[in-house]
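Hello,

Here is the structure I promised to pass on to you.

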Amino acid sequence: MLTRFQEDFLEKRGIPAEERERFVKAEVAELREPGLLKGVLEAAALIEAAIAADKHIWIVGDFDADGVTSTALLLLALKQLGAKNLNWYINSRFELGYGFQVGTLEEMALQGAIDLIITVDNGISALEAVREARARGIDVIVTDHHDLAAELPDANVIINPKQPDCLYPDKNLAGVGVAFKLVQQLFNGRKQPRQALMYLDLAAMGTVADVMTLVGENRIIVKNGLTLMNWPQARAGIKAIKQVFKISGDIRAYHLGFMFGPALNAQGRIVGIPTMAIELLTTRDAARAEKLAEELHAINCERQELTKAQVEQAMKYIGLTEKRFIVYYEAELHEGIVGLIAGRVKEKYGVPTLVLTTDKEAGLVKGSARSVSGFDIKENLIDGCADLLVRGGGHAMAAGVSLKEENIPALEARLLELAQQYPEEVFHPEPGVDFVMKEEEFSLQLVDEIEALAPFGTGFPSPLFKLEQFFVQKKMYMGKEKQHVKLVGERGVELVAFGQAQLYRTAGEPNYVGGIGHPVKNEWQGRSSLQFNIKGEHLIVL
């Protein structure tokens, strides 16, 4: 039975009263019938025939966390279903780049025979590569979730919920979500439906890491995937990541987005091909998994330092701006982290951002864009500027492009013109506060009630509170450079403002403050305390 607070919050999130209990439970029985997804039945039949005939099956994935989890999921499932001649291929981010290409096919052919190719998290724009594969007598199944171009590849089967004649209700599956539905159909066909559920952990990882909306089927995938990840019998790779990142207690959606995702992305960003990430998710050897997780953590730490330096460089260059679209070009940026830089700049300025660097081998400029809610980056950048691009693809919130350097000024001018057509409230949005409370109204029970509604994420953010008139009894500065501040109130609530110590000092260390953020339970040495974490830069000095 839901509490009054939970009812109020779900009402604020637009969940109808009659659906709230079911929404919160998010049980696996609510997963949709995979056969509703256009192409799934035909693809399953083609795969079963290939397995029966011992044909050579190749999975073509992508180098990001969604692509990595999709590849691992399909590898493990097809192996369990009896595929013997099974292999995978992911392009190097720095050579062939994103997606199934003719060059991908050539590289695979050098390694052995190919009878069936299954793309995961890519392929919907691979017109030439699919055409060439079919000309060579190779069957192709495209599974993807990216937005469609005007022309679709001539594959044997395409599975993408965004196809206009696909009746599948959930259009926002991640690439790994689409791969999971295919696996679900394969096991349903074998009369072993529960076997597919064992792959919900990988599906959950990729769904959160790719910032998909956590409503509908995605919510069911993530909630139940997290349950699997927290079982004692969890995969060796999952246990290893948890250990290396020192995650205490249960793994939550937050950890998938900010720890698991970056770890799986690290090698692809810095080295090019996520070989270790695939092995980490597929190995049963605990010692090997721990070694791989440690190596990926080390690469991720290197990536973090590089990102920090290049984000600071970008911020200095951009400075004060009121532009509604930021285009930042720096020839020496590391190609593997331009998307991360774009994300940080977007968060700082509250506007869609495109970050570009030089692709020396191709003689082009390439980069990544990140957008804000309400400004579709696929529609505006990829479609609206197609004549200025050599290549591009993505979805509403993120995209990747290649173009000639001389086209950058024209591209920036057009994006600014397109952004001017949107209302001001789309840009620089104020955080949407759900509840206004005083210190005495917060409790550990309230935190428990909030956590019972998890998972939270895109499309279903956790409740945001405004804390009013917080009287400071004690203050502590934290961090290597004392850049964070912890303020303790009259009733023991600890208000923590990361990166805002200077704001508090400059204001004269006032006795009364406020802020916008989230109440959380802080576990330390067996003791639980109530903590209020300020969101972003929303400490309010009174």
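The protein chain exposes about 24,500 Å², and carbon and sulfur atoms supply 50% of that area. Accessible areas come from the Shrake-Rupley method with a 1.4 Å probe, and for residues only the protein chains shown count as cover. Please keep in mind that this is a predicted model, in which local features need pLDDT of at least 70 and side-chain atom pairs count only at pLDDT 80 or more, while totals for chains, interfaces and linings use all residues. Residues are numbered from 1 along each chain as its sequence is written, and side-chain values use heavy atoms, with hydrogens and water left out.

**Overall build**

The protein chain has 19 helices and 17 strands (DSSP runs numbered from the N terminus: H or I of at least four residues for helices, E of at least two for strands). For 542 residues, a compact globule would have a radius of gyration near 24 Å, and the chain agrees with its 24 Å; this radius is taken over C-alpha atoms, and the globule rule is 2.2 Å times the number of residues to the power 0.38. Along the principal axes, the C-alpha trace spans about 75 × 55 × 45 Å.

Of the 542 residues, 52% are buried (buried means under 20% relative accessible area, exposed over 50%, and partly exposed in between, with a 1.4 Å probe and protein chains only). Taking contacts between residues at least 6 apart in sequence, 66% join residues at least 24 apart; contact means heavy atoms within 4.5 Å.

**Charges and salt bridges**

There are 59 positive and 73 negative side chains, and the centres of the two sets lie 4 Å apart. Here Lys and Arg count as positive and Asp and Glu as negative, with His and the chain ends not counted; the place of a charge is NZ of Lys, CZ of Arg, CG of Asp or CD of Glu.

Side chains of opposite charge can pair when their charged atoms come close. The whole structure holds 26 salt bridges (a side-chain nitrogen of Lys or Arg within 4 Å of a carboxyl oxygen of Asp or Glu). One of them joins Asp-434 and Arg-13 at 2.9 Å, N to O. Asp-434 sits in the loop between α17 and β11 and Arg-13 in the loop between α1 and α2, so this pair ties together parts that are 421 residues apart in sequence. Asp-434 is buried at 12% relative accessible area, whereas Arg-13 is partly exposed at 22%.

Lys-366 and Glu-335 also meet in a salt bridge, at 3.0 Å, N to O. This pair links distant parts of the chain, 31 residues apart: Lys-366 is in strand β8, and Glu-335 is in the loop between β6 and α15. Both residues are buried. Elsewhere, salt bridges that share partners join Glu-106, Glu-132 and Arg-136 into one network. Within it, Glu-132 and Arg-136 meet at 2.8 Å, N to O; Glu-132 is partly exposed at 29%, and so is Arg-136 at 36%.

**Where helices meet**

Which residues does Thr-307 touch, leaving aside its neighbours within four places in sequence? They are Ile-337, Leu-340 and Arg-344. Thr-307 is in helix α14 (residues 286-318) and is buried, at 1% relative accessible area. Arg-344 lies in helix α15 and is partly exposed at 41%. Beyond its own sequence neighbours within four places, Arg-344 is in contact with Arg-303, Thr-307, Val-311 and Met-315. Arg-344 and Val-311 are 33 residues apart in sequence but 7.1 Å apart in space, C-alpha to C-alpha.

Helix α13 (residues 275-282) has Met-276, Ala-277, Ile-278, Leu-280 and Leu-281 as its buried residues. Their cover includes α4, β2, α9, α11, α12 and α14.

**Backbone details**

Most residues other than glycine have a negative phi, and most peptide bonds are trans. The bond from Ala-454 to Pro-455 is cis, with omega near 10 degrees, and Pro-455 is in the loop between α18 and β12. Asp-121 has a positive phi, near 60 degrees; it belongs to the loop between β3 and α6 and is buried at 0%. Lys-246 has a positive phi too, near 55 degrees; it is in the loop between α11 and α12 and is exposed at 72%.
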